[in-house]
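Student: I have a model open and want to learn how to read its features. Where do we begin?

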Amino acid sequence: MKKVLEGAGSLLVFWGLAGLVHELVGWFRFWGVLGRLPFTDGHEWIASGVILVLGVVLVMVAEGMAGRSQGPEISGAAGAGASVSAGGDRARPE
């Protein structure tokens, strides 16, 4: 899921930047997606900015998911007589 969010966010950031550069200097006219949509006619600046911000948010959410564990957390080790240290290594029972 993290890779999908990173990919989608990166694509949206690219499209937003391409749209803003196209509006500023006229470059990237073939890469711009928003210029071809009829409901953004006259509002390409705003739409490109929104796409850019949405892409940055998606990349930030994906980076926030990097610290999470992939599977469920098992918490039965302490009740079975084994103690677990803060670093995740098993310690000798005392």
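Student: Are helix 1 and helix 2 roughly parallel or roughly antiparallel to each other?

Tutor: First, the general idea. Two packed helices are described by the angle between their axes and the distance between the axes. Axes are lines fitted to C-alpha atoms, for helices over the stretch in contact, and angles run from 0 to 180 degrees between N-to-C directions. Under 35 degrees counts as roughly parallel, over 145 as roughly antiparallel, 65 to 115 as roughly perpendicular, and the rest as oblique. Now this predicted model. The axes of helix 1 (residues 2–25) and helix 2 (residues 44–64) cross at roughly 155° and come within 7 Å. The two helices are therefore roughly antiparallel.

Student: Which residue classes make up the contact of helix 1 with helix 2?

Tutor: That contact has 17 nonpolar, seven polar and five charged residues. Ala, Val, Leu, Ile, Met, Phe, Trp, Tyr, Cys and Pro count as nonpolar, Asp, Glu, Lys and Arg as charged, and the others, Gly among them, as polar.

Student: Is glutamate 44 buried or exposed?

Tutor: Buried means under 20% relative accessible area, exposed over 50%, partly exposed in between (1.4 Å probe, protein chains only). Glutamate 44 sits in helix 2. Its relative accessible area is 15%, so glutamate 44 is buried.

Student: What is the average pLDDT of the protein?

Tutor: pLDDT is the predictor's confidence in each residue, from 0 to 100. The protein averages 77, and 63% of the residues score at least 70.

Student: What conventions apply?

Tutor: Residues are numbered from 1 along each chain as its sequence is written, and side-chain values use heavy atoms, leaving out hydrogens and water. In this predicted model, local features need pLDDT of at least 70, side-chain atom pairs count only at pLDDT 80 or more, and totals for chains, interfaces and linings use all residues.

Note on methods:
Helices (H or I, at least four residues) and strands (E, at least two) are DSSP runs, numbered from the N terminus.
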